[in-house]
Amino acid sequence: MGSVLLPDLATEIVIPVCAVVGIVFSLVQWVLVSRVKMSSDRIPPSPTNKKNGYNDYLIEEEEGINDHNVVAKCAEIQNAISEGSTSFLFTMYQYVGVFMVAFAILIFLFLGSVESFSTKSQPCTYNPLKMCKPALATAIFSTISFLLGAVTSVVSGFLGMKIATYANARTTLEARKGVGKAFITAFRSGAVMGFLLAANGLLVLYITINLFKLYYGDDWEGLFEAITGYGLGGSSMALFGRVGGGIYTKAADVGADLVGKVERNIPEDDPRNPAVIADNVGDNVGDIAGMGSDLFGSYAESSCAALVVSSISSFGINHEFTAMCYPLLISSVGIIVCLITTLFATDFFEIKAVKEIEPALKKQLIISTILMTGGIAIVSWIALPSSFTIFNFGAQKVVKNWQLFLCVGVGLWAGLIIGFVTEYYTSNAYSPVQDVADSCRTGAATNVIFGLALGYKSVIIPIFAIAISIFVSFSFAAMYGIAVAALGMLSTIATGLAIDAYGPISDNAGGIAEMAGMSHRIRERTDALDAAGNTTAAIGKGFAIGSAALVSLALFGAFVSRAGISTVDVLTPKVFIGLLVGAMLPYWFSAMTMKSVGSAALKMVEEVRRQFNTIPGIMEGTAKPDYATCVKISTDASIKEMIPPGALVMLTPLIVGTLFGVETLSGVLAGSLVSGVQIAISASNTGGAWDNAKKYIEAGASEHARTLGPKGSEPHKAAVIGDTIGDPLKDTSGPSLNILIKLMAVESLVFAPFFATHGGLLFKFF
């Protein structure tokens, strides 16, 4: 079959070294961000901090911003946001911790019972002539890897949130010196999160594989089957983070907007609004902690799916360690590529004007994709034999190394296409969003109609991109091809997350500027950062949904192989009823999350109205609103409301697999994948378009926008209503759906041995 250029020892060094480099780089970025001081000490003018003949100190004097009060106020607001975020996440993790332990016990009992908790070695699933470790070992190690994945996911989300709340006020203070400084601070903070998450995910997975190998030895089939628990742990935590955080952030946002902007006519993030702190806390727990856990889950699952398939291919059978680690090597190169790409934004080029922000962020995506293509080519050349075989539903398919390079490449570039199509439909620089803004002339109803139509239309090209990448990668390398295509899409995860986290940090920075009473010029700068961040957040969601589609298909393939199904025949009633029910699940899930946001927002609106009506002096600014009550309403509502949608996703595969068997479950997985992807893309893009249509009218940057404005005009009020409807679509239902389709697939894969042995109880009686 041909040998590999990269020796096993080099692989064992390269992967952890790249992960450590990623962690060190993120710490360096954090140190650079922390240099922005939150105390109001005067900096004596020094010749080193001169810029264009002036030094920063003079510029600050000129803007009248070396004001002790402003800095102290920023620090106070930052503290309130940080405390709110931390207390919410701790409360959520207590509930999720109980679930984690309960589910870990379930995994152990279900998988252990496959061979009645026997400790004897068993014939291997795919090669009965060989003996493999007992099912009890798989049960124990799957449980351990589930807990590891869950803890890594929680830590990733928590660290991301901590960094964001650390950086938000620093971005506001840097905005006094110009938009370029503020951009670098926000982007560096995003990079801290991106690199920490990518490097941690890789390092923990690599260490786990090596520790498990001490027990499993040559039984790679059993080893990598046990590793799938890592992906399940990562995604199950992400589900609760995404749903809980999404309900929190949108309840506060909708409550703040409806009463503040529409009824009381006060600007966004006005300190007189009681829900304003809860709204800013929500950006961190939903968009940062939730998004971090979500993309970590995708990353862990695509790695696990690729490893499971390759363990039963020639790599695993012949024990070729370097080729086996191909998915991890791609991620390692991805960290180095993203590191170079980040320097382009922070060190090589400087942003001087507002109009350069969005192009700078887009260049990040393009540069990382181009560099990564070269990186994949090198890895495919040195880490793979020239020809090898890949498991393909019972047969072995011969694959060349250049074909695998194309599989990863096609996923990588499909991700970029999905990102740019999402941007076209959600950025107010292009006609789709401008048309939605224009429809506000005739009221909220036409705005809603145009926005929905835009969302449905925005599904077309991403679906074709996903379909083509599936066809190409499956034709070349069967299910392994699809798994590595998903990894390709996620290989630049560090840059993707940096861009993604940049949005909420800028949004918070704008809120802090407004609450601290900073000048109009500074608010304009933070708004410009935020508008660019809004579009890039939509691009990030596009990536997450596209990669989720590929990941869940790869997991679906691994599940079908593991469960011993030769073909999934849609014409058999068992499969068809599964398809119908599976296609319905995303609607049921979305209904739950939307209603949760609605009922939580209702409580928030009532509380904000109550405060405006009963606390004298709020509107005049002489009395301080009771922010803590609003924070408590959001926290309580999201903790209570995240449990039913979470239970729906986690219990469906268990119930279907146990009662109806693996064929019906394969139908459910296919149905939920097909309908979930469409709803997720349209919901995210509709919400993003309504948000940016509102911002387009508020900014009044073009002649057309000025005819619709200013703030408080009838078209603007119609745009605010559209934005409010879009909030739960783009930040709760849409992003959570990609976890639904991945999580059900990875859970089915982990429990596949049990379903194959004991599943289908109902059909056994008929």
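A residue counts as buried when its relative accessible area is under 20%, as exposed when over 50%, and as partly exposed in between (1.4 Å probe, protein chains only). By that rule Glu-174, at 10% relative accessibility, is buried. The model you are looking at is predicted: local features need pLDDT of at least 70, side-chain atom pairs count only at pLDDT 80 or more, and totals for chains, interfaces and linings use all residues. Residues are numbered from 1 along each chain as its sequence is written, and side-chain values use heavy atoms, with hydrogens and water left out.

Let's stay with Glu-174 for a moment. Its partner in a salt bridge (a side-chain nitrogen of Lys or Arg within 4 Å of a carboxyl oxygen of Asp or Glu) is Lys-177, with the closest N and O atoms 3.2 Å apart. Lys-177 is partly exposed, at 26% relative accessibility. Another such pair joins Arg-523 and Glu-514, at 3.3 Å from N to O. Here Arg-523 is buried at 12% relative accessibility, while Glu-514 is partly exposed at 22%. Over the whole structure, a search finds 28 salt bridges.

Now look for Asp-530 and Lys-695, whose side chains meet in a salt bridge of 3.8 Å, N to O. This pair links distant parts of the chain, since Asp-530 lies in helix α17 (residues 520-562) and Lys-695 in helix α21, 165 residues apart. Helices here are DSSP runs (H or I, at least four residues), as are strands (E, at least two), and they are numbered from the N terminus. Both Asp-530 and Lys-695 are buried. They belong to one network of salt bridges that share partners, whose members include Lys-250, Asp-253, Lys-541 and Asp-727. Helix α21 (residues 662-699) also holds Asn-685, which is buried at 3% relative accessibility.

Next come the aromatic rings. Rings of Phe, Tyr and Trp (its six-membered ring) pair if their centres lie within 6.5 Å; planes under 30 degrees apart count as stacked, over 60 as edge-to-face and the rest as tilted. The whole structure has 28 aromatic pairs. In one of them, the ring centres of Phe-88 and Tyr-248 are 4.8 Å apart with planes at 55°, so this pair is tilted. Phe-88 sits in helix α3 (residues 68-112) and Tyr-248 in helix α6 (residues 220-263), so the pair ties together parts that are 160 residues apart in sequence. Both residues are buried. Elsewhere, ring pairs link a cluster that includes Phe-99, Phe-146, Phe-240 and Phe-754.

The next stop is a pair of strands. Strands β5 (residues 387-392) and β6 (residues 395-400) run antiparallel and are joined by six bridges; two strands pair if DSSP finds at least two bridges between them. Within this pairing, Phe-388 partners Val-399 and Thr-389 partners Val-398. The two strands form a hairpin with two residues between them, and Phe-393 in the turn has a positive phi of about 50°. Five of the six residues of β5 are buried, so this strand is largely enclosed by the rest of the structure.

Finally, visit the surface. Residues including Leu-9, Val-17 and Ile-336 form a nonpolar patch there, with about 540 Å² of accessible area for the whole patch. Such a patch is made of nonpolar side chains (Val, Leu, Ile, Met, Phe, Trp, Tyr) joined within 5 Å, from residues with over 30% relative accessible area and no salt bridge. Accessible areas come from the Shrake-Rupley method with a 1.4 Å probe. Helix α1 gives the largest share, four residues.

Methods
Patches are made of residues with over 30% relative accessible area and no salt bridge: like charges are joined within 9 Å, nonpolar side chains (Val, Leu, Ile, Met, Phe, Trp, Tyr) within 5 Å.
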